[in-house]
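Subject: Structure handover

Hello,

Please find the structure below. My notes on it follow.

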Amino acid sequence: MVTTESAEISRREFLAVGGLAAAAACLAPTALFAQSDDVLVPGGLKEAATAKVTVQALRRNISVLLGAGGNIAVLTGPDGKLLVDAEIVTAREKVSAALASINADPIKQLINTHWHFDHTGGNEWLHDAGASILAHENTRKHLLADTRVEGWKYTFPAASASAIPSTVFSDDYSLHANDTTLVLKHYAPAHTDSDISVYFAEADILHVGDTFWNRDYPFIDYSTGGSIDGQIKAAEANLAMTTDKTIVISGHGAVGSKADLVLFRDVLAEIRDKVAALKKQGRSLPEVLAAKPSARYDAEWGNLFMTPSAFLTLVYQGV
């Protein structure tokens, strides 16, 4: 069932609908990152097939779909639906129903915020439904080739021709659709080397993809250019683009605000600095994990996708 809400859903409600949260619930916490080559990605694909998708109205003609993978922004109007991100491929049935519940506008445009499977998985079927695909040039580069993500212990095969973005850009890009100006900006390497933000100017809504996880530890893909420092720099860039009135769509987690971005930046910077200090003292990774430098955030921030130990391992790698 697809539900529509005009108010922001709570974190508790988001966790209830998140497919990756369900995957975390059905696997032991360490199983997500510490076992075989095929745990997290197949688990996410399986859970996305049955996970609920919630439609949340934002401002003007813009809504967001919250579900198993990356959050999807939807801009409607006479030019047809424009989507930002495409979810996990196995969520197709639920995403399609959610889009239909908004209105009957055809799907005409898709923007990918980066290349990961939980944001580009629907590229092929959305393209076949009528969407042209726009992304950063590094998103196309990674989708065109077999790409290994060591943090997930998984090699993604090259995407089909229909899933490849037909239009790419290197730094900035703008377009106009449905009486809305969209401004796209590429970050320096952040969560990956392909991350972009999408700003809906008239509505003052900013979709920042996986450069912001709302009260959850982020995954950082070192295999395709990401780093903890890059993730923090991206958070700073996001803050520079927002005011107290800006609605911020995260890659994962509830829709947020500038205050949520500040918290995200501060938590990451604090943990990075603590881990860096311990590493400088010569502490090994097991010793850093035992010291629990993220302890005061773990109960809230380690529940969705990244366990505290998995996140600390990524931070340790990058400092």
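Start with a helix pair. The axes of α10 and α13 (residues 308-318) come within 9 Å of each other and cross at roughly 65 degrees. The crossing of α10 past α13 is right-handed. On the α10 side, the contact is made by Leu268, Ile271, Arg272, Val275 and Lys279. On the α13 side, Phe311, Leu312, Val315, Tyr316 and Gln317 take part. By class, this contact has seven nonpolar residues, two charged and one polar.

Before going further: this is a predicted model.

Now the chain as a whole. The protein chain has 319 residues, and 55% of them count as buried. Its secondary structure comes to 13 helices and 15 strands. Among contacts with a separation of 6 or more, 68% are between residues 24 or more positions apart. The chain exposes about 12300 Å², and carbon and sulfur atoms supply 52% of that area.

His252 sits in the loop between β15 (247-249) and α10 (258-280). Is His252 buried or exposed? It counts as buried because its relative accessible area is 2%, and the cut-off for buried is under 20%. The His252 side chain makes a polar contact of 3.0 Å with the side chain of Asp118.

Asn71 is also a loop residue, placed between β3 (62-66) and β4 (72-75). Its relative accessible area is 0%, so Asn71 is buried. What does the side chain of Asn71 reach? It reaches the backbone oxygen of Gly253, at 3.0 Å.

Phe169 is in strand β10 (residues 167-169). With a relative accessible area of 6%, Phe169 is buried. Leaving out residues up to four places away in sequence, Phe169 touches Leu134, Ala135, His136, Glu137, Leu184, His186 and Ile196. His186 is 17 residues from Phe169 along the chain, and their C-alpha atoms are separated by 8.7 Å.

Ser63 lies in strand β3. Ser63 counts as buried, at 10% relative accessibility. Ser63 and Leu99 are 36 residues apart in sequence, with 9.8 Å from C-alpha to C-alpha.

Asp85 is not a glycine, yet its phi is positive, at about 85 degrees. Asp85 is in the loop between β5 (81-84) and α5 (92-102). Asp85 is buried, with a relative accessible area of 0%.

Lys292 also has a positive phi without being a glycine; the value is near 55 degrees. Lys292 is in the loop between α11 (285-291) and α12 (295-301). Which side of the cut-offs does Lys292 fall on, buried or exposed? Lys292 counts as exposed because its relative accessibility is 54%, and exposed means over 50%.

When you open the model, these are places to look up: the α10 and α13 crossing, the His252 and Asp118 side chains, Asn71 with the backbone oxygen of Gly253, and the positive phi values at Asp85 and Lys292.

Best wishes

Notes. Residues numbered from 1 in each chain as written. Predicted model: local features only at pLDDT ≥ 70, side-chain atom pairs only at ≥ 80, totals over all residues. Heavy atoms only, no water. Helix = DSSP H or I, 4+ residues; strand = E, 2+ residues; numbered from the N terminus. Buried < 20%, exposed > 50% of the residue type's maximum accessible area, 1.4 Å probe, protein only. Contact = heavy atoms within 4.5 Å. Areas by Shrake-Rupley, 256 points an atom, 1.4 Å probe, with all protein chains shown as cover. Polar contact = N/O pair within 3.5 Å; in protein donor to acceptor, adjacent residues only side chain to side chain. Axes fitted to C-alpha atoms, helices over the stretch in contact; angles between N-to-C directions. Left-handed = near helix turned anticlockwise from the far one by under 90°. Nonpolar A, V, L, I, M, F, W, Y, C, P; charged D, E, K, R; others polar.
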